[in-house]
Amino acid sequence: MQPRFFFLAVATLLTAGTAFADELVFQSPSSQSNAWQGYWTSPYLVMDQSVPPSGELLTVYCLDFNHEVAPPITWDATIRPLDPGNLDDFLYGATADAWQHYAAAAWLFQNIEALLVTKPADANLLETEYQAAAWKLFVDGDHEASLDSKIDATAAPFAGDVASLYGEALGAGSSVLTEPNWFVVTVDPAWEKANQPGVPVQEFLIHRDPPPVPEPAAILLLATVAGLLGLRMRSGRPAQLR
């Protein structure tokens, strides 16, 4: 977990959920991304320009097939912990079984992360199947037929594998009460209203491992710094290629 995300975690406790928008710039698909049916799959790289001195490069995972962020683009977004208490602030937080679906997306993206370690011979195929299953979790009625047609147009056993992963992910999501190491990147409403009203930017997930538990003196020092900064909590936002 990078220092900024440790600060974010502590600041979250201190500020009871207050969030501020960060300026994000889409960079490119990552080396793990694959081209599938005209779209790049997760993960992508986004620069958070609000992190001094020269920004922080974020690896983000796209759960949203309904909207697009195409490079070059800059936008403002917030990063909040993936937690049931924050559902009202997420793009799809009001949809049916929202928490189960967000937790299922985290499960699918964590499997994509694991491919970097296990390196199976079919890693590219598996990564694409996990991504397609994640997109199915939140696809709306206006885009469902398009996504399904692309899944069906991919050589077997792709469609069957995606359906199986979709069911597995929902099963995993139904038993999860919190996702402490995942964060949701959501467009800042004020930015959206000013720059593209009624057209949301895609939503993303970011994963960070928890940091080592610091010594009590370090916690006190960090809390003091947070107080001097007015308890300002920053959040970073990603962009997508779908």
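Visitor: How many aromatic pairs does a search of the whole structure find?

Guide: Welcome! This is a predicted model, and the search finds twelve aromatic pairs in it.

Visitor: What makes Y39 and F65 an aromatic pair, and why is the pair called edge-to-face?

Guide: Their ring centres are 5.3 Å apart, and a pair needs centres within 6.5 Å.

Visitor: Where in the chain do Y39 and F65 lie?

Guide: Y39 is in strand β3, while F65 belongs to the loop between β5 and β6; the pair links distant parts of the chain, 26 residues apart. Both residues are buried.

Visitor: Why does the pair of Y61 and W182 count as edge-to-face?

Guide: The angle between their planes is 65°, and the class takes angles over 60 degrees. Their centres are 6.1 Å apart, within the 6.5 Å limit for pairing. Y61 sits in strand β5 and W182 in strand β7, so this pair ties together parts 121 residues apart in sequence.

Visitor: How do you know whether Y61 and W182 are buried or exposed?

Guide: Buried means under 20% relative accessible area. Y61 has 3% and W182 has 1%, so both residues are buried.

Visitor: What makes you say that the charged end of K136 sits over the ring of Y166?

Guide: The charged end of K136 is 5.5 Å from the ring centre of Y166, and the distance limit is 6 Å. The direction must also lie within 35 degrees of the ring normal, and K136 is listed as sitting over the ring.

Terms used: Residues are numbered from 1 along each chain as its sequence is written. This is a predicted model: local features need pLDDT of at least 70, side-chain atom pairs count only at pLDDT 80 or more; totals for chains, interfaces and linings use all residues. Side-chain values use heavy atoms; hydrogens and water are left out. Rings of Phe, Tyr and Trp (its six-membered ring) pair if their centres lie within 6.5 Å; planes under 30 degrees apart count as stacked, over 60 as edge-to-face and the rest as tilted. Helices (H or I, at least four residues) and strands (E, at least two) are DSSP runs, numbered from the N terminus. Buried means under 20% relative accessible area, exposed over 50%, partly exposed in between (1.4 Å probe, protein chains only).
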